[in-house]
Amino acid sequence: MNEKACQWLCVIMVCLLKVLETYGFYVDITYLESALEKGAVCLDGSPPAYHWDMGYDTGIDNWLIHIEGGGWCNNVTTCVDRSKTRLGSSKQMVEEVAFSGILHNEPQYNPDFYNWNKIKVRYCDGASFTGDVEKVNSKTNLHFRGARIFRAVIEDLLSKGMSNAQNAILSGCSAGGLTSILHCDKFKSLLPKTAKVKCLSDAGYFINSQDLSGRRRLEAFYDDVVKTHGSAKHLPRSCTSKMKDSLCFFPENMVRYIKTPIFLTNAAYDSWQIKNVLAPGISDPHGTWHNCKHDIEMCSSNQIQIIQEFRLQFLNALDGFLSLNSSRGMFINSCYAHCQTEIQETWLMTKSPMLANKRIGEAVGDWFYDRDPFQEIDCPYPCDKTCHNRIFA
């Protein structure tokens, strides 16, 4: 590398550090070695892990447990592949991760939760922490123990002060957002009865929609996930007694059984679902959706119409969510995005996405502290000019 290139690299690194100093900070990893004796382990048998920014002052007895996202593995082959990555092994995880958005520690960026105990739980089981299979195949060494990990992490935090919690939130992004839905009532049951406990799902409301060819591929995928990981025993019996187990992996089918207050933050044009559920490559053999999936502004009028139909399906899947429990809230915007609470620019900044004149961070805070229930659904694309639409490389 020549001297000029080195100088430019230094400038870039300094700029990145300045951005991080403003919009985030690094937190060290904690390996939960004590979970090994409980069999609460990642896919490869390594211990689970989390990152903890300790609370202070008025937030010392308040706890935000945030679950990392990262999709799922649905069979031995995909789970073996996953076990060799950070999403299946704590051996592959970095020692530090950046906290930002809902995890930020400064009041101007996170006014309601900045001094809480903030924990980011690493995702290494591949089934939104629902798996529980005792037997381990000696050839693959795969451990399907996600449900045990969830309980072990919560019990560890209870022993470290969360047993005195006054306020607590279980949140998560993507597959972690689904975790916060599936485990919402379980989380509340493990906390002190006197604690105020609520759940927040960010981009975790996956719907059972058809793809371009008319197939319900996510349903078939979830069938395999639930069977491979032995997830059924950790899905609500009130749901699985009425339909096949894997359908209870879809929030639209099981959210009616949740008693704990819950808030949904989701883009009606969820970029992950449009890319992977509505228009996966297998249903688009000629690649006509390639540009559209990477940048919504590149979509044709016909593609926009199909995406608008997806939005209507998404909203239909929310039917009854609010009427079932008045303590529920939602921030459903019309952005092409996926996960908006972990990123400072979309959580709470001057130009963050807005609904009813509130940004996501303001809406969630108002809802948690009962200042405003906040239940808003955006108008159709492209009406919302505050969106941070995702553009994929």
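User: Hi! Is Cys 299 buried or exposed?
Analyst: Hi! This is a predicted model, and in it Cys 299 is buried, with a relative accessible area of 13%. The cut-off for buried is under 20%, so Cys 299 falls on the buried side.

User: Ok, and which residue does Cys 299 form a disulfide with?
Analyst: That would be Cys 292, and the two sulfur atoms are 1.9 Å apart. Cys 292 is buried too, at 2% relative accessibility.

User: Is the link of Cys 292 and Cys 299 left-handed or right-handed?
Analyst: Right-handed, with 85 degrees about the S-S bond.

User: How many disulfides are there in the whole structure?
Analyst: A search turns up eight. Among them is the link between Cys 42 and Cys 124, with sulfur atoms 2.1 Å apart.

User: Where do Cys 42 and Cys 124 lie?
Analyst: Cys 42 is in the loop between strand E1 (25–31) and strand E2 (49–53), while Cys 124 is in the loop between strand E5 (117–121) and helix H3 (146–159). The pair therefore ties together parts that are 82 residues apart in sequence. Both cysteines are buried.

User: Why is the disulfide of Cys 42 and Cys 124 called left-handed?
Analyst: Because the torsion about its S-S bond is about -75 degrees.

User: Let's zoom out. How many helices and strands does the chain have?
Analyst: The chain has 13 helices and twelve strands. Its radius of gyration is 21 Å, close to the 21 Å from the globule rule for 393 residues, so the chain is as compact as a globular protein of that length.

User: And what share of the residues is buried?
Analyst: Of the 393 residues, 58% count as buried.

User: Last topic: charges. How many positive and negative side chains are there?
Analyst: There are 41 positive and 43 negative ones, and the centres of the two sets lie 6 Å apart.

Key:
Residues are numbered from 1 along each chain as its sequence is written. This is a predicted model: local features need pLDDT of at least 70, side-chain atom pairs count only at pLDDT 80 or more; totals for chains, interfaces and linings use all residues. Side-chain values use heavy atoms; hydrogens and water are left out. Helices (H or I, at least four residues) and strands (E, at least two) are DSSP runs, numbered from the N terminus. The radius of gyration is taken over C-alpha atoms; the globule rule is 2.2 Å times the number of residues to the power 0.38. Buried means under 20% relative accessible area, exposed over 50%, partly exposed in between (1.4 Å probe, protein chains only). Lys and Arg count as positive and Asp and Glu as negative; His and the chain ends are not counted. The place of a charge is taken as NZ of Lys, CZ of Arg, CG of Asp or CD of Glu. A disulfide is a pair of cysteine sulfur atoms within 2.5 Å.
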